[in-house]
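Hi everyone, thanks for making time.

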Amino acid sequence: MDDERTENHGGFIKVLLFLVVVAIIVVVLWATGLIRWESTPSDMEQEEPELVIDPVQGDFVVSEAEWNALQSEVRQLHREVNQLKADAAKAATAPRQSSPANKPVQQTAHAGSNPSQQATQATSTKPASTTTVTQVTQNDITLAKYSQDWTDAEANVGFKNNLAQTVTFISGRMIYYDMSGNMLDYQDFTKSIIIEPGMVKNTKLEGYGHDEWYAYYQSQTAASKPDRKYKVKFELKSYKLK
């Protein structure tokens, strides 16, 4: 009987030692992180839901109150942006007021200044005006020179100003005749040209009959086409004076 108790007592001690050893091993493994306890689904349901973001990717965790506050700030910013857009639209449609820089500058005479000197300054700043003369006489501006060789596509023309004012523009007509006085053709032209009073100014106009080897009768004619010669008459239509 005593032997049986002794044997049972020794078996109990062995089991107890085994459990202690197992517990020590489990504690060591848990401390080293080799084993861990996972939360059961019931435990997870009891936790407050949070927005968990991976910190490695630079995200963050916000609660429901923080999320509501953030939405409120976004709505406030949206209202402010709309107000700024409305103010900009009103400013764009509002009538612009003329700035002082756009107002005409009034010239005031300084005390002691010379009236004749003021008149000279006012005259110097005024742009030079031109006068178009349509009631003309043929002697106002005359043809002083004309030449066109048979190889030239343009004619060299010289006009003489017989007026007492400077000419700045001529409108006229060139009429072409054969050597018998029969009219061949004509051309109207306008020319911007400066001719001082009593002076002759040379310019160029389109010649006559270049494709047909024509030449002005006082210029060089083609040896194979000696009869291709013409005369010219100038008619003055209008001009401008400076």
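Of the contacts in the protein with a separation of 6 or more, 61% are between residues 24 or more positions apart. Please keep in mind that this is a predicted model. So what is the order of the elements from the N terminus on? They run α-α-α-α-β-β-β-β-β-β-β-β, that is, four helices and eight strands. The protein has 242 residues, and buried ones make up 17% of them. Its accessible surface comes to about 19100 Å², with 54% of that belonging to carbon and sulfur atoms.

Let me begin with the salt bridges. How many does the structure hold? There are two. In one, the side chains of arginine 173 and aspartate 188 meet at 2.6 Å, N to O. Arginine 173 is in strand S4 and aspartate 188 is in strand S5, residues 183–195, which puts the partners 15 residues apart. In the other, lysine 237 meets aspartate 188 at 3.3 Å, again counted N to O. Lysine 237 lies in strand S8 and aspartate 188 in strand S5, so this pair ties together parts that are 49 residues apart in sequence.

Now for the rings. A search of the whole structure finds twelve aromatic pairs, and I've picked two of them to show you. Tryptophan 150 and tryptophan 213 form a tilted pair, 5.6 Å centre to centre with 50° between the planes. Both partners come from loops: tryptophan 150 from the one between strand S2 (141–147) and strand S3 (154–161), tryptophan 213 from the one between strand S6 (200–206) and strand S7 (215–216). The two are 63 residues apart. Tryptophan 150 is partly exposed, with a relative accessible area of 26%, and tryptophan 213 is partly exposed at 36%.

The next pair is tyrosine 176 with tyrosine 230, which is edge-to-face: 5.5 Å centre to centre, 80° between the planes. Tyrosine 176 lies in strand S4, residues 167–177, and tyrosine 230 in strand S8, residues 229–241, so the pair ties together parts that are 54 residues apart in sequence. Are these tyrosines buried or exposed? Both tyrosine 176 and tyrosine 230 are buried. They also belong to a cluster linked by ring pairs, made up of Tyr146, Tyr176, Tyr208, Tyr214, Tyr216, Tyr217 and Tyr230.

The charged end of lysine 231 sits over the ring of tyrosine 217, 5.4 Å from its centre. Likewise, the charged end of lysine 240 sits over the ring of phenylalanine 169, at 5.2 Å from the ring centre.

Last stop, the nonpolar surface. Which residues form the nonpolar patch there? They are Phe12, Ile13, Leu16, Leu17, Val20, Ile24 and Val28, with about 660 Å² of accessible area together. Take valine 28 as an example: its place is in helix H1, residues 2–32. At 46% relative accessibility, valine 28 counts as partly exposed.

That's my tour, and I'm happy to take questions.

Terms used. Residues are numbered from 1 along each chain as its sequence is written. This is a predicted model: local features need pLDDT of at least 70, side-chain atom pairs count only at pLDDT 80 or more; totals for chains, interfaces and linings use all residues. Side-chain values use heavy atoms; hydrogens and water are left out. Patches are made of residues with over 30% relative accessible area and no salt bridge: like charges are joined within 9 Å, nonpolar side chains (Val, Leu, Ile, Met, Phe, Trp, Tyr) within 5 Å. Accessible areas come from the Shrake-Rupley method with a 1.4 Å probe; for residues, only the protein chains shown count as cover. A salt bridge is a side-chain nitrogen of Lys or Arg within 4 Å of a carboxyl oxygen of Asp or Glu. Buried means under 20% relative accessible area, exposed over 50%, partly exposed in between (1.4 Å probe, protein chains only). Rings of Phe, Tyr and Trp (its six-membered ring) pair if their centres lie within 6.5 Å; planes under 30 degrees apart count as stacked, over 60 as edge-to-face and the rest as tilted. A charge sits over a ring if NZ of Lys or CZ of Arg is within 6 Å of the ring centre and within 35 degrees of the ring normal. Contact means heavy atoms within 4.5 Å.
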